[in-house]
Amino acid sequence: MKVPRRKVNAEIPTASMADIAFLLIIFFMLTAAFAAIKGINFGLPPEDPNLIVNVRPEEALYIRVLGPSDYRLNDQPIRIEDLGPAIKARIEQNKNTPVIIDTEPEAPFEAMIAAFDEAKLAGASRISLPTAMDRQRWRILSGR
C-alpha cells in the first residue's frame with residue numbers, strides 16, 4: 001500500500017517579522033538619547049572678585065536699557081537715534097571711555113543689541129555688560 005506523502009511548502013513564516021521589527025523600532029525610539037539644542041549658549045561670565053575693574057562713575061558712560069525704546073544715558077532719557085552721537089562725542093574726548101550697558105531683565109534682547117550696536121558704531125572699544133555684583137557696586141558708587 002502506498003502511503004500518500006504530505007507535501008510541505010518550503011516557506012519561512014514572515015507574519016511575526018513585521019511585529020518584531022515594529023517592536024524594535026519602538027524600543028530604539030524610546031531608548032535613544034536626543035540632543036536638546038537650545039540655541040546659542042550666551043551668558044555673562046561668573047562673578048570673580050579678583051577681576052573687578054575700578055571705574056569712577058564720572059569717567060564712564062552708563063547706559064541703562066529699560067525697555068524696547070526706553071534708554072537712559074547717565075540717568076538722562078535718550079532716544080536710540082541720539083545714543084550713538086552722544087557716545088561718539090564722549091569717545092572723541094577720551095577714546096578709552098568705558099561704556100557700561102546695563103539691561104533690565106524684562107527688557108527685550110533686541111534693545112540691548114541696539115544699544116551695543118550704537119556703541120560699537122560710535123567707536124567704543126571698552127564696552128561691558130555688568131554682572132549683578134557690578135551693578136550693585138556701581139549704583140552704590142554713583143549714588144543711584
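**View 1. The protein chain as a whole, with its helices and strands.**
The protein chain holds four helices and five strands, which follow one another along the sequence in the pattern α-β-β-β-α-β-α-β-α (DSSP runs numbered from the N terminus, with H or I over at least four residues for helices and E over at least two for strands). Among contacts between residues at least 6 apart in sequence, 75% join residues at least 24 apart (contact meaning heavy atoms within 4.5 Å). Residues are numbered from 1 along each chain as its sequence is written, and side-chain values use heavy atoms, with hydrogens and water left out. Because the model is predicted, local features need pLDDT of at least 70 and side-chain atom pairs count only at pLDDT 80 or more, whereas totals for chains, interfaces and linings use all residues.

**View 2. A nonpolar surface patch that includes residues I20 and F27.**
I20, L24, F27 and F28 form a nonpolar patch on the surface, and together they have about 420 Å² of accessible area (patch residues have over 30% relative accessible area and no salt bridge; nonpolar side chains, namely Val, Leu, Ile, Met, Phe, Trp and Tyr, are joined within 5 Å, and like charges within 9 Å). I20 is part of helix α1, which covers residues 15-31. With a relative accessibility of 47%, I20 counts as partly exposed, and F27, also given as 47%, is likewise counted as partly exposed. F28, at 53% relative accessibility, counts as exposed.

**View 3. The aromatic pair of F27 and F28.**
The count of aromatic pairs comes to one (ring centres of Phe, Tyr and Trp, the last by its six-membered ring, within 6.5 Å; planes under 30 degrees apart are stacked, over 60 edge-to-face and the rest tilted). The ring centres of F27 and F28 lie 5.3 Å apart and the ring planes stand at 70°, so this pair is edge-to-face. Both residues also belong to the nonpolar patch on the surface.

**View 4. The salt bridge between R64 and E104.**
Four salt bridges are found in a search of the whole structure (a side-chain nitrogen of Lys or Arg within 4 Å of a carboxyl oxygen of Asp or Glu), and one of them brings the side chains of R64 and E104 together at 2.3 Å, N to O. R64 lies in strand β1 and E104 in the loop between β4 and α3, so the pair ties together parts that are 40 residues apart in sequence. Strand β1 spans residues 61-67, while the loop that holds E104 runs between β4 (99-103) and α3 (109-121). R64 counts as buried at 19% relative accessibility, and E104 counts as buried at 19% as well. When neighbours within four places in sequence are left aside, R64 is in contact with D70, Y71, R72, D102, E104 and R139. Under the same exclusion, E104 is in contact with R64, V65, L66 and R139.

**View 5. A107 in the loop between β4 and α3.**
A107 lies in the loop between β4 and α3 and, with 11% relative accessibility, counts as buried. Apart from its neighbours within four places in sequence, A107 is in contact with V65, L66 and G67. The C-alpha atoms of A107 and P68 are 6.4 Å apart in space, although the two residues are 39 residues apart in sequence.

R79 forms a salt bridge with E81, in which the closest N and O atoms are 3.8 Å apart. The side chain of R79 also meets that of D82 in a salt bridge of 3.2 Å, N to O. R79 counts as exposed at 52% relative accessibility, whereas D82 counts as partly exposed at 32%.

Definitions and conventions. Accessible areas come from the Shrake-Rupley method with a 1.4 Å probe; for residues, only the protein chains shown count as cover. Buried means under 20% relative accessible area, exposed over 50%, partly exposed in between (1.4 Å probe, protein chains only).
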